[in-house]
Amino acid sequence: MFTLAEVASLNDIQPTYRILKPWWDVFMDYLAVVMLMVAIFAGTMQLTKDQVVCLPVLQSTVNSKAQPSASGKADFTTVETTTGRKTNLDFQQYVFINQMCYHLALPWYSKYFPYLVLIHTIILIVSSNFWFKYPKTCSKIEHFVSILGKCFESPWTTKALSETACEDSEENKQRLTGAQSLSKYVSTSSDEGSPSASTPMITKSGFKFSADKPMIEVPSVTILDKKDGEQAKALFEKVRKFRAHVEDSDLIYKLYVGQTVIKTVKFIFILCYTANFVNTISFEHICNPKVEHLIGYTQFECTHNMAYMLKKLLISYISLICVYGFICLYTLFWLFRIPLKEYSFEKVREESSFSDIPDVKNDFAFLLHMVDQYDQLYSKRFGVFLSEVSENKLREISLNHEWTFEKLRQHVSRNAQDKQELHLFMLSGVPDAVFDLTDLDVLKLELIPEAKIPAKISQMTNLQELHLCHCPAKVEQTAFSFLRDHLRCLHVKFTDVAEIPAWVYLLKNLRELYLIGNLNSENNKMIGLESLRELRHLKILHVKSNLTKIPPNITDVAPHLTKLVIHNDGTKLVVLNSLKKMTNVAELELQNCELERIPHAIFSLSNLQELDLKSNSIRTIEEIISFQHLKRLTCLKLWHNKIVNIPSSITHIKNLESLYLSNNKLESLPAAVFSLQKLRCLDVSYNSIALIPVEIGLLQNLQHFHITGNKVDVLPKQLFKCVKLRTLSLGQNCITSIPDKVSQLLQLTHLELKGNCLDRLPATLGQCQLLRKSGLVVEDHLFDALPSEVKEVLNQDTSIPFANGI
């Protein structure tokens with residue numbers, strides 16, 4: 001027979017699973033243990049004691065005996081008493097009869113009662129714990145219990161709940177202040193929101209108001225240990241993945257319901273058949289073994305010495321089964337009374353500031369319902385790791401702990417404009433110490449998805465330029481007020497137009513706005529750009545996108561816009577009528593817009609001073625005659641196109657000072673170009689020009705001449721009459737010699753000759769007073785062949801004379 005310890009081990013589960021066993025499962029486990037004890041006690045008694053004792057009924061008294069009653073008991077009221085009668089049976093014969101009558105006369109239930117109880121109890125135990133053992137549910141349960149325990153014991157849980165209490169205590173103090181500042185702002189902004197009793201957080205979708213809890217700064221209770229912080233980050237990730245894995249099915253719920261139904265059916269079955277056998281257990285039995293030829297007796301009277309005890313144990317077992325069954329019925333009632341495949345953290349959200357804790361479903365919800373039956377504190381603390389607000393707070397604390405003021409100061413650099421610049425890349429947020437860098441001029445935030453700009457930015461009085469690269473930053477009200485009044489330059493790089501923060505369109509003192517990203521909506525049918533009418537002081541608008549037409553909303557800033565730049569990344573810009581409204585535009589760049597001709601809308605821009613049509617598909621520029629109406633046009637850039645020739649009508653642009661025609665398909669330079677007396681810069685590099693016309697000597701104001709990458713073989717002497725030349729680029733041509741008259745270019749500072757067919761350099765280069773070796777681009781062997789006195793002149797340091805001159 002099994003020992004109690006061996007059988008009870010079937011009911012053992014991992015101690016950590018106890019949090020998933022509600023009171024009814026625990027109670028049923030104890031009932032199962034008691035039923036095991038009943039079975040083992042009954043079985044042990046049957047094995048250790050004589051089961052049946054039989055005595056023969058003498059033949060002379062058989063006829064005088066009454067027949068057995070219907071219940072199997074003999075009526076001995078008429079049996080004659082005989083004394084001293086010898087039965088003529090030895091001990092072995094008695095043992096034989098006892099064994100025979102045990103199997104023939106004793107009812108089957110009296111013999112197998114302990115074994116039935118043991119089997120039923122084992123089935124009930126297995127049914128109770130099957131969901132802990134089944135592989136597809138066991139793995140999820142084990143993972144859940146492991147995560148739950150770590151979340152419960154994590155220092156971050158205690159810290160987050162402590163900070164929640166601090167925020168709740170500070171909330172009432174800040175509520176009135178937040179309401180006053182908000183109402184004041186709303187009164188000045190007719191397009192945004194309505195008054196609310198809290199401080200708004202300005203997000204990419206507009207002004208977001210929290211009716212219950214304002215966005216306030218609460219000092220952290222303690223600094224979280226770095227190891228604990230990393231552990232908490234890992235827990236957030238584990239909870240997120242576990243939720244995604246478990247929420248997609250309800251196998252655990254179905255299995256638990258199934259095993260509960262099985263236990264209930266088992267209870268009904270046991271109760272129905274056991275109740276019928278209570279009365280079959282009796283003390284006295286009549287046995288007719290039909291072995292008269294062996295023993296000489298036909299009938300025996302037997303006693304079952306365990307009958308009384310078995311009957312009491314059976315009644316006890318039935319009582320236990322009834323209690324077990326009622327608990328099963330209650331469990332079924334609980335399972336179907338409430339939707340266990342849905343779980344709401346509403347109470348936790350009300351008690352804490354983590355109002356974003358999501359409701360969960362399916363097996364995840366069921367496991368949390370089971371945990372609540374053990375202790376609701378577990379699910380409350382677990383909910384902290386489902387909140388994005390909580391995760392963001394953890395990131396903020398870890399971020400501030402890592403990025404101190406000293407570390408940030410080390411990352412500050414000087415840019416090309418000699419301004420102090422800080423570039424933060426791929427952080428979880430913006431460290432608080434950034435806003436202590438009060439002398440910072442430029443702040444670049446790149447790939448920071450949870451960037452928040454707090455009120456502390458108002459102490460950065462030097463900040464005038466902000467870069468947001470794939471960074472939809474949220475701005476507090478006080479911070480927005482500061483940026484609205486102080487920010488002058490803003491760069492926004494995005495993937496979709498919806499990522500542009502709404503507060504960008506309200507920066508009324510902004511001077512420069514750079515937008516880089518997709519401004520086309522689905523199917524490129526509609527331009528998605530908010531109204532820019534609030535940007536009353538915007539002067540420069542730079543758009544790098546894939547537009548098919550100029551956004552109509554740009555006309556909101558057209559009257560005061562002085563520079564418009566559109567880089568279109570190869571998308572054809574078709575509609576340009578909006579340009580006509582930009583009467584004050586002085587600089588216009590339409591680069592890579594697949595333009596085939598000069599747009600007619602440009603001719604209406606009477607104040608235009610600089611036009612850049614770089615990297616288009618322009619083949620002919622006959623429309624250039626219309627530029628005569630643009631009296632202020634001084635710079636024309638038609639580089640990187642497919643222009644074949646320059647029309648003579650270019651002479652009508654009398655005020656032109658800079659002409660860029662590099663990277664085209666020009667084969668010659670017409671004399672009309674050299675009639676532009678004010679021309680100071682001429683760039684015709686990387687064409688197919690073979691001859692420099694002698695008329696170039698007419699350009700007395702020419703300071704920069706670039707003809708690199710052509711087919712020029714001879715330099716006309718008239719070129720050196722342009723005595724104001726500072727830059728002369730003649731590289732990558734077929735020039736064989738440099739005339740000595742190069743010495744007439746006394747203001748020359750840059751001379752490029754590399755890539756020609758030169759044998760030597762003229763010694764008169766030494767007479768170019770401002771030319772130095774750093775500005776002379778030639779092959780090394782040509783420079784080495786110069787006279788030593790010339791090389792000494794070219795190697796002189798110009799820093800000292802210039803300094804003395806200053």
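**Disulfides, helix packing and selected residues in a predicted model**

Thr260 is buried, with a relative accessible area of 1%; buried means under 20% relative accessible area, exposed over 50%, and partly exposed in between (1.4 Å probe, protein chains only). The model is predicted, so local features need pLDDT of at least 70 and side-chain atom pairs count only at pLDDT 80 or more, while totals for chains, interfaces and linings use all residues. Residues are numbered from 1 along each chain as its sequence is written, and side-chain values use heavy atoms, with hydrogens and water left out.

Thr260 lies in helix α9. Helices (H or I, at least four residues) and strands (E, at least two) are DSSP runs, numbered from the N terminus. Beyond its neighbours within four places in sequence, Thr260 is in contact with Cys328, Thr331, Leu332 and Leu335. Contact here means heavy atoms within 4.5 Å. Val265 is also found in helix α9, which spans residues 251-274. Val265 has a relative accessibility of 52% and therefore counts as exposed. In sequence, Val265 and Gly325 are 60 residues apart; in space, their C-alpha atoms are 8.9 Å apart.

The structure holds 2 disulfides. A disulfide is a pair of cysteine sulfur atoms within 2.5 Å. One of them joins Cys54 and Cys302, with the sulfur atoms 2.0 Å apart. This pair links distant parts of the chain. Cys54 sits in strand β1 (residues 52-56) and Cys302 in strand β5 (residues 300-304), 248 residues apart. The torsion about the S-S bond of Cys54 and Cys302 is about 110 degrees, so this disulfide is right-handed. Both Cys54 and Cys302 are buried.

Cys101 and Cys287 form a disulfide as well, and their sulfur atoms are 2.1 Å apart. Here too the pair links distant parts of the chain. Cys101 belongs to helix α4 (residues 91-104) and Cys287 to strand β4 (residues 284-287), 186 residues apart. The S-S torsion of Cys101 and Cys287 is about -90 degrees, so this disulfide is left-handed. Cys101 counts as buried at 1% relative accessibility. Cys287 counts as buried, also at 1%. With the bonded cysteines of the protein chain numbered in sequence order, the pairing is 1-4, 2-3.

Two further cysteines were examined. The sulfur of Cys469 has its closest cysteine sulfur in Cys471, at 8.5 Å, too far for a bond. Cys469 counts as buried, at 13% relative accessibility. Cys322 is partly exposed, with a relative accessible area of 21%.

Helix packing was described next. Two packed helices are described by the angle between their axes and the distance between the axes. Axes are lines fitted to C-alpha atoms, for helices over the stretch in contact, and angles run from 0 to 180 degrees between N-to-C directions. Helix α2 (residues 23-48) packs with helix α5 (residues 108-133) at an angle of about 155 degrees, and their axes are 9 Å apart. This makes α2 roughly antiparallel to α5. Angles under 35 degrees count as roughly parallel, over 145 as roughly antiparallel, 65 to 115 as roughly perpendicular and the rest as oblique. The contact of α2 with α5 includes Met35, Leu36 and Val38 from α2, and Phe113, Val117 and Leu118 from α5. By class, this contact has 13 nonpolar, 5 polar and 2 charged residues. Ala, Val, Leu, Ile, Met, Phe, Trp, Tyr, Cys and Pro count as nonpolar, Asp, Glu, Lys and Arg as charged, and the others, Gly among them, as polar.

Helix α5 also packs with helix α6 (residues 135-153), at an angle of about 70 degrees and with the axes 6 Å apart. The helices α5 and α6 are therefore roughly perpendicular to each other. Trp131, Phe132 and Lys133 in α5 meet Pro135, Thr137, Cys138 and Ile141 in α6. The residues of this contact divide into 5 nonpolar, 1 polar and 1 charged.

Most residues other than glycine have a negative phi. For His470, phi is near 50 degrees, a positive value in a residue other than glycine. His470 is found in the loop between β12 (465-469) and β13 (474-476). With a relative accessible area of 25%, His470 is partly exposed. For Tyr686, phi is near 55 degrees, again a positive value in a non-glycine residue. Tyr686 lies in the loop between β22 (681-683) and β23 (704-706). Its relative accessible area is 41%, so Tyr686 is partly exposed.
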